[in-house]
Amino acid sequence: MIISHKIRLDPNNKQATYLAKAAGTARFAYNWALAEWQTQYAAWKNDNSQPKPNQMGLRRQLNAIKREQFPWMLEVTKNAPQMAIIQLGAAFKNFFAGRAQYPQFKKKGKSRDSFTLTNDQFAIDASRIRIPNLGLVRMRETLRFSGKILSATISRTADQWFVSYTVDTQDHNHLPPAENQGDTLSLSKGTVGVDLGVSALATLSTGEKVVGAKPHKALLSRLKRLSRSLSRKVKGSANRHKAKQKLAKLHARIANIRQDSLHQLTTDLTRRFHTIGIEDLNVSGMVKNRHLSRAISDMGFFEFRRQLEYKAEMRGAVVVVADRFFASSKTCSALGCGHKVDKMPLSVREWTCPDCGAVHDRDVNAANNLQEYASATLSNHAVSSTVSACGGEGSGFRCKPKVKPAPVKQEFNRKLDLG
């Protein structure tokens with residue numbers, strides 16, 4: 001199991017300057033390699049006898065010229081430019097496979113400053129990391145997981161530096177199992193449906209409603225004020241740099257508040273329930289609604305699902321994702337009814353079933369239907385009379401774990417294919 005652990009660094013001024021240089025070197029190498037890739041690819045298209053560009057060739061080309069043309073690259077670790085070119089190669093691979101867009105040039109101040117180290121270029125000493133040409137840098141905490149460390153990515157958010165370790169651990173589950181494992185003969189116990197919304201971030205089939213933190217809405221006035229202040233400063237001036245740092249800090253604070261609320265919610269759900277039913281929301285399509293785009297983005301629906309899936313995996317739980325066109329809100333959840341209405345605008349928050357007369361809260365009704373969907377799905381895919389809630393390989397379901405380290409703590413992302 002591959003996970004990543006993000007830890008804040010505490011560098012002094014000299015160390016922070018070095019980290020900024022290394023990140024700038026990585027950005028320059030990425031842009032240089034992208035420009036060379038485009039030039040060589042155009043030459044190859046005109047004349048197929050010319051070599052086709054690849055990341056290995058670009059790395060060798062940079063190594064051959066950097067001492068004469070870019071001697072300042074030697075001031076930082078050699079991994080900074082080399083790993084940047086490797087990442088460019090991975091970006092093109094994803095592009096040609098149809099998984100990503102065409103790689104773009106990185107602009108200073110517009111993209112996240114970061115660089116990556118391979119596991120032979122750094123060492124961890126308790127709560128410190130040793131970086132080539134720099135020495136020991138203090139970390140705010142020690143590494144939580146044991147196993148083979150694959151790489152470390154050092155990045156900056158506002159004025160703070162972080163290191164994200166990618167670790168290959170031997171243990172599949174790192175957290176205690178869900179408290180409510182339920183009766184194996186009754187799938188409804190220990191199962192919950194979660195309906196995401198704007199007024200309330202999550203509505204559970206138990207009737208609970210969790211109101212999101214909505215940090216962007218709460219700090220919007222301050223965000224506008226700092227943005228106006230930045231726009232009035234002269235470009236290149238020290239005052240503009242200070243205003244830019246203040247705005248970056250506020251954006252980081254908004255993101256941290258949102259992350260904290262989502263972590264608390266997803267941790268609570270995976271701790272209490274072994275089976276969680278959610279919807280496959282089309283978030284990219286939802287944010288195109290100009291009336292709701294800001295509120296939807298402020299909730300963090302995609303991040304909620306990502307956290308829920310990797311935490312469920314670590315607790316041995318299962319996340320069942322309903323089809324995008326599953327009519328959770330328009331179907332009556334009353335026992336034995338199941339009537340489906342034709343249309344239900346977003347303005348309708350409470351409705352009465354024309355068939356059985358049951359009165360439903362829109363969100364609670366959707367959560368109840370998601371709970372039933374999760375229970376029915378597990379029943380159809382169980383290999384015996386008892387249901388395994390492991391959710392990993394060999395658990396009885398056709399699972400396809402997908403490792404995707406990302407810069408947050410204890411990262412593990414997976415997709416559960418139930419059919």
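Q: Leaving aside its neighbours within four places in sequence, which residues is D355 in contact with?
A: In this predicted model, D355 touches C337 and H339 once the neighbours within four places in sequence are set aside. Contact here calls for heavy atoms within 4.5 Å.

Q: What makes D355 count as buried or exposed?
A: Its relative accessibility is 53%, and the cut-off for exposed is over 50%, so D355 counts as exposed. As for its place in the fold, D355 belongs to the loop between β13 (350-352) and β14 (359-361).

Q: How do you know whether F92 is buried or exposed?
A: The relative accessible area of F92 is 1%, and buried means under 20%, so F92 is buried. F92 also belongs to a cluster linked by ring pairs, together with W37, F95, F96 and Y102.

Q: Where do the charged ends of K6 and K106 sit?
A: The charged end of K6 is over the ring of F162, 4.5 Å from its centre. For K106 the ring is that of Y30, and the distance to its centre is 4.4 Å. The distance part of the rule asks for NZ of Lys within 6 Å of the ring centre.

Q: How do you know what span to expect for helix α2?
A: Helix α2 (residues 55-69) has 15 residues, and at 1.5 Å a residue they should span 21 Å. The end C-alpha atoms are 20 Å apart, which agrees. There is a bend in α2 of about 30° at N63.

Q: Which residues are buried in α2, and what covers them?
A: L58, L62 and K66 are buried in α2. Their cover includes α1 (13-46) and α3.

Q: What is the strand order in the open sheet of 5 strands, and which strands stand at the edges?
A: The order is β10-β9-β8-β11-β12, with mixed pairing. β10 (209-210) and β12 stand at the edges: each has a single partner strand, so one side of each is left without a neighbour in the sheet.

Q: In what sense do β11 and β12 pair, and in what sense do β9 and β10?
A: Strand β11 (residues 275-279) runs parallel to β12 over 5 bridges, with T275 opposite V318. Strand β9 (residues 202-204) pairs with β10 in the antiparallel sense over 2 bridges, and there A202 is opposite V210. Two strands count as paired from at least two bridges.

Q: Why is strand β12 described as largely enclosed?
A: Of the 5 residues in β12 (residues 318-322), 4 are buried, so the rest of the structure largely encloses this strand.

Q: How many helices and strands does the protein have, and what share of its residues count as buried?
A: The protein has 10 helices and 14 strands, and 41% of its 419 residues count as buried.

Technical notes:
Residues numbered from 1 in each chain as written. Predicted model: local features only at pLDDT ≥ 70, side-chain atom pairs only at ≥ 80, totals over all residues. Heavy atoms only, no water. Buried < 20%, exposed > 50% of the residue type's maximum accessible area, 1.4 Å probe, protein only. Phe/Tyr/Trp six-rings, centres within 6.5 Å; stacked < 30°, edge-to-face > 60°. Lys NZ or Arg CZ within 6 Å of the ring centre and 35° of its normal. Expected span 1.5 Å × (residues − 1). Bend = angle between axes of the 7 residues up to and from the residue.
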